[in-house]
Amino acid sequence: MVDEALAVQLREWRRHLHSHPELSTDEQATAAFVAERLAALGIPFAEGVGGHGVVATLTRPGSDRSVALRADMDALPIPEETNLPYASTRPGVMHACGHDGHTASLLGAAALLLRDPDWRGTVRLVFQPAEEGGGGARAMLADGLLERFPFERIFAFHNWPGLEAGTVMLHRGPVMAAGQRFTITLIGKAGHAALPHLAKDPMVAAAHLLLALQSIVSRNVSPLEAAVVTVGMLEAGNAPNQIPETATMRGTFRTYRKDLHLMIGETIRRIGEGVAATFDMTADVSMTTMGTATINTETEAALAAEAGAAAGLTVRRDLPPSMTGEDFAWYLQQRPGALAWIGNGPNTDGRDLHSPHYDFNDAILPAAATWLAATARAALAG
Ligand code: NI
């Protein structure tokens, strides 16, 4: 149970983190803050795991079962516009995804587990850097997370604006999508706008390519499956009276299924090169993997849902997944586990993730800490 004193402390911690946000891979002060709180609680920890990652260990004899709880710590390059008394003190950097709340909640779960005599085994508290596209999960895994701090299963939550405050949502299967970015550069031949027959116009080819890419999802993916291909940038041209040498488009695609993901990547490449060939030019196609799909394992999602309900929280299992990404997915490639959404309350007035008006809802800190601790206990018992 989170009592009033702990609730006040969690809010203070959360607001301190909110005032002092740090970008991915730069979470030095945040990690130091976490380390100080852990030391004050008397919990042993290791620092510098996969960058500024901190891993704490709570262990009691009597069981060799183990479980990990993970929180992300980084902020975003967004100038805050909330006018809150505890708004960011770092220009251009903001906790606009609520990772301040995730970190405070995990510290709260640590406090709850310390007070609770009714569990045996080992709980790893994983404070992860660089979730926002910085490869933090993979860096921690590459730094020996599983070997140095072994655990059988792993759980985490992301706050969810638009879901009732404090309600815990556990998906069966897909939670968030795999994301990949692509860049296609069409390489033609520059020339005078009035002499197109002497040039190879990448503008016209780009126009065809942009439309052809729209056929990938509509003509290759089953209407019952989820996938999205978006071109978000198109760069070409220097002057109205010139045919440029190149045209470049950049975009992203998202899916939940690996086979679909591979197919879409290959199709983007084939269409890019094929359209270029049609217009007698070449295409340079490159891809960057941003993340893999976050897929809850059935048993662990059910366990986490039951643990939340038994702890008195409202639990839902009925929401569709999101096409956004989460690098918690990389742990789920290695160990069974589940990512919950915990409602952050209404997303009105721009209070959505990655908005300059967003703020983590302090009122959900007790629910989040309670769910994390309850899930760890259930995983050790189950
Ligand atoms: Ni986030």
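Biologist: Of the 382 residues in this protein, what share counts as buried?

Modeller: The model is predicted. In it, 52% of the 382 residues count as buried. The protein exposes about 16,100 Å², and carbon and sulfur atoms supply 54% of that area.

Biologist: How many helices and strands does the protein have?

Modeller: There are 11 helices and 16 strands. The C-alpha atoms fill a box of roughly 80 × 40 × 40 Å, taken along the principal axes.

Biologist: What would the radius of gyration be for a compact globule with 382 residues, and what does the protein have?

Modeller: The general idea is to set the value of the model beside a rule based on the number of residues. A compact globule with 382 residues would have a radius of gyration near 21 Å. The protein has 24 Å, which agrees.

Biologist: Which share of the contacts with a separation of 6 or more comes from residues 24 or more positions apart?

Modeller: That share is 81% in this protein.

Biologist: Let us take one residue. Where does threonine 248 lie, and is threonine 248 buried or exposed?

Modeller: Threonine 248 lies in strand β12, which covers residues 246-255. Buried means under 20% relative accessible area. Threonine 248 has 10%, so this residue is buried.

Biologist: Which residues does threonine 248 touch, not counting residues up to four places away in sequence?

Modeller: They are Thr183, Ile184, Thr185, Met233, Leu234 and Glu235. With threonine 185 there is also a polar contact of 3.2 Å between the side chains.

Biologist: How many aromatic pairs does the count come to?

Modeller: The count comes to three aromatic pairs. One of them is formed by phenylalanine 182 and phenylalanine 253, with 6.4 Å centre to centre and 35° between the planes. Planes under 30 degrees apart count as stacked and over 60 as edge-to-face, so this pair is tilted.

Biologist: Which strands hold phenylalanine 182 and phenylalanine 253?

Modeller: Phenylalanine 182 is in strand β8 (residues 178-187) and phenylalanine 253 is in strand β12. The two are 71 residues apart, and the pair links distant parts of the chain. Phenylalanine 182 is buried at a relative accessible area of 1%, and phenylalanine 253 is buried at 0%.

Biologist: What are the values for the pair of phenylalanine 328 and tyrosine 331?

Modeller: That aromatic pair is tilted, with 5.6 Å centre to centre and 55° between the planes. Both phenylalanine 328 and tyrosine 331 are buried.

Biologist: Which residue lies over the face of phenylalanine 33?

Modeller: Arginine 37 does, at 4.4 Å from the ring centre.

Definitions and conventions:
Residues numbered from 1 in each chain as written. Predicted model: local features only at pLDDT ≥ 70, side-chain atom pairs only at ≥ 80, totals over all residues. Heavy atoms only, no water. Helix = DSSP H or I, 4+ residues; strand = E, 2+ residues; numbered from the N terminus. Buried < 20%, exposed > 50% of the residue type's maximum accessible area, 1.4 Å probe, protein only. Polar contact = N/O pair within 3.5 Å; in protein donor to acceptor, adjacent residues only side chain to side chain. Contact = heavy atoms within 4.5 Å. Phe/Tyr/Trp six-rings, centres within 6.5 Å; stacked < 30°, edge-to-face > 60°. Lys NZ or Arg CZ within 6 Å of the ring centre and 35° of its normal. Rg over C-alpha atoms; globule rule 2.2 N^0.38 Å. Areas by Shrake-Rupley, 256 points an atom, 1.4 Å probe, with all protein chains shown as cover.
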